Amino acid sequence: SKPPKLDQVYWPVLNKYKNTPTYDYIFVDEAQDLSQLQRLFLHRLAKKGTSVVAVLDPNQSIYGFKGAHKNSKDKFLEEFKASELPLNICYRCDGDIIREAQDIVPHIEPRPNAPRGLVRDLSVNWSSSLLMQKSEKTAVLCRILIPLVSMAFELIKQGHPVVIRGQEIKSRFQG
């Protein structure tokens with residue numbers, strides 16, 4: 001019989017492959033979502049003297065269901081004997097958006113000279129004129145997909161250009 005199909009992470013860790021390539025530098029993004037298996041794999045890829053640089057934010061961990069550890073930051077710091085270099089300044093969002101986020105993540109700060117921005121709860125009433133009052137460039141963030149798509153269709157009907165970012169939306173509607 002054929003051996004079971006195992007992925008490229010599980011197999012080298014399970015069999016302690018000696019021929020797994022190693023690297024001088026390893027860069028990991030979204031390291032808060034690494035599982036124990038993925039961290040073990042990183043150890044396999046590292047050799048003595050390898051520099052491992054990881055970017056992570058424990059407040060953005062979303063993969064607990066697939067094995068990401070709830071104390072991933074502490075685990076990473078301990079396992080890789082890493083130094084922490086915090087980045088509390090957000091360069092992505094405007095000031096009012098950051099102040100709203102501070103209810104959840106108190107240490108986050110807006111970038112110097114960040115525009116004020118606009119925060120509105122659109123769960124009850126919204127209109128294209130409200131969205132477009134400041135600029136033709138408006139971002140709408142929504143944690144639930146369906147209201148966002150409904151809003152996009154309404155804006156398109158009114159003649160406004162709309163871009164929805166993220167490939168996950170494509171799979172939701174393709175069946």
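Is Asn113 buried or exposed? At a relative accessibility of 79%, Asn113 counts as exposed, where exposed denotes over 50% relative accessible area, buried under 20% and partly exposed the range in between, computed with a 1.4 Å probe on protein chains only. The structure is a predicted model, in which local features need pLDDT of at least 70 and side-chain atom pairs count only at pLDDT 80 or more, whereas totals for chains, interfaces and linings use all residues. Residues are numbered from 1 along each chain as its sequence is written, and side-chain values use heavy atoms, with hydrogens and water left out.

The protein chain contains seven helices and four strands, taken as DSSP runs numbered from the N terminus (helices, H or I, at least four residues; strands, E, at least two). Along the sequence these elements follow the pattern α-β-α-β-α-β-α-β-α-α-α. Of the 175 residues in the protein chain, 22% are buried. Among contacts with a separation of 6 or more, 52% link residues 24 or more positions apart, a contact being defined by heavy atoms within 4.5 Å. The accessible surface of the protein chain amounts to about 13,900 Å², and carbon and sulfur atoms account for 53% of this area, as computed by the Shrake-Rupley method with a 1.4 Å probe.

The largest nonpolar core comprises 10 residues, namely Val13, Ile26, Val28, Ala31, Leu34, Phe41, Leu42, Leu45, Phe76 and Phe80; such a core is a set of buried Ala, Val, Leu, Ile, Met, Phe, Trp, Tyr and Cys residues joined through side-chain atoms within 4.5 Å. Both β1 and α2 supply at least two residues of this core, and α2 gives the most, with three residues. When residues up to four places away in sequence are not counted, Ile26 touches Leu42, Leu45, Ala46, Thr50, Ser51, Val52 and Val53. A second, separate core of five residues includes Cys90, Cys93, Ile98 and Val105.

Glu30, in the loop between β1 (23-28) and α2 (36-45), has a positive phi near 60° and is partly exposed, with a relative accessible area of 39%. Asn113, which lies in the loop between β4 (109-110) and α5 (128-131), likewise has a positive phi, of about 60°, although it is not a glycine.

Trp11, located in helix α1 (residues 10-15), is partly exposed at 30% relative accessibility.
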